[in-house]
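Load the model in your viewer and keep the selection tool at hand.

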Amino acid sequence: MASRKLRVAVICGGKSAEHEVSLASARNVVRALDPDRYELRVIVLDRQGRLLAAGSPRFLEEGGGAGALGAAGPGPDGQEVALVGAAGAGGEGASLVALAGAGDSRPVDVVFPVMHGTDGEDGSIQGLARLANVAVVGASVLGSAVNMDKEVMKRLLREAGLPVPRFLVAERWDRRPPDFERVAGELGCPLFVKPSNLGSSVGISKIHGADEFTAAVELAFAYDTKLLFEEAVAGRELECAVLGTEDPRASVPGEILTAGHHEFYSYDAKYRDERGAALAIPAELPPATVEEVRRLAVRAFRATCCEGMARVDFFLRPGGELLVNELNTIPGFTDISMYPKLWEASGVPVRELLDLLIEDAVRRFERRRRLRTRVD
C-alpha cells in the first residue's frame, strides 16, 4: 500500500433523517483529503438503499449528491455499485463492482463512512466492510451498534462507573404505554423525549407538562421503535473529541452556547439557524475541569468499545459535577461541526486528522488480518 496512493471510498448519504447532514460532512472530507496520498471514490447511499458511484467534481457542487446522480447521464455518476471482497493473492482486498452494464470494478483499500444515523453509525456499513475484507475508518461493528443505541450506551457507561443523566426507556410494543405521571415522577419536569437510535437531535422534544407528552412520544416513535425519557440537566453543554485506538487521546473541550430562542441544541439550532448556537473552543473552564473532561472522555470511549474516533458530549452542572451525555462514533465534518474544530484547536488540522484516522483504520485491519481463522 505504501508504494501507491491508498484507494479510499468515502460513503455518505443513507436512509436516515440525517441524509443531508451526511452529504455536507462528506463534501468537507472530500475537499480535505490529500490528492497526493489518496485515490478517491465517492459513494452515496440513496434513500432507497442503493449504493451509487458519484464523480467527486459533481458531488462537490452545492446541491449535488444523491439528488443529482439520477440525471448524471453517461459515465460513473449514478451507477449502482456493490462493495464485494476482491479475489486476489490470498483473497485480500475489496472492490466496488457495477451492478449493471459494462462498468469495471474499482479496488478499494479503505472505507471511510461519513454516514450519520441509521445504516452508517449502527454497524451496518461496518459489517459490510468486514465481509468485504476492507479497512474501515472509525468504530467497528460492536462499537458502532453500542453507541447508536442510547439506552445500551448509557447502561454500559453506568456499568463502568461513569456518571450519566437519569433515564427511562419505552418500546412501542410495551404492554404498558408511557405514562407522564410515572415518568415525570422519576425524572422531574421539564424532561427530554428522544428516539434511542438517531442523532443530530432529530425527533427530540423538551416537554414542560402533560399536555406536551403525547405529541413528543409520537414524534420519537415516528423515528424509532424505542425511545428514551431523560432528565433535563441544568448546566453547560461541553464536547470533547477522542482520536486513536490503542492509545486514544482527547482534544481540548469545547462548549455549545445555544441562542436564547432555542431551548436546547436542536436540529434547527445546529443546521438551519445561522445564529442558533455558538461554539466556544476551547471552553472557558478551570484547568482541573479540562483534565477531568478529557479523562472521562477517554474512559467513555473505551467503555463503549469505540475505535478510531468519537465525540463525547457532557453536561457540567453549576456545582461542578460532570455527566456523560452520549458518544457519537461518526461525528460531523460540516463547516460548523465540533469534532474537526476541536482537533484544530488542539493542534491537529483537518487534513492531518483525516490522515491519522485512515492510518488507524489500516493498522487495525492489518492486525485483525493476522488473527487465526482456523484451529491447527
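Select C305 and C306: the sulfur of C305 has its closest cysteine sulfur in C306, 7.7 Å away, which is too far for a bond. A disulfide is counted here when two cysteine sulfur atoms lie within 2.5 Å, and the structure holds 0 disulfides. This is a predicted model, in which local features need pLDDT of at least 70 and side-chain atom pairs count only at pLDDT 80 or more, while totals for chains, interfaces and linings use all residues. Residues are numbered from 1 along each chain as its sequence is written, and side-chain values use heavy atoms, with hydrogens and water left out.

Colour by relative accessible area next (buried under 20%, exposed over 50%, partly exposed in between; 1.4 Å probe, protein chains only). C305 is partly exposed at 30%, whereas C12 is buried at 0%.

Move to T304, in the loop between α10 (287–303) and β17 (309–316); helices are DSSP runs of H or I with at least four residues, strands are runs of E with at least two, and both are numbered from the N terminus. T304 is buried, with a relative accessible area of 0%. Which residues does T304 touch, not counting those up to four places away in sequence? Show G143, V146, N147, M153, L156, L157 and L327; contact means heavy atoms within 4.5 Å.

Last, select R158 in helix α6 (residues 150–159). R158 is partly exposed at 44% relative accessible area. Beyond its neighbours within four places in sequence, R158 is in contact with V164 and F167.
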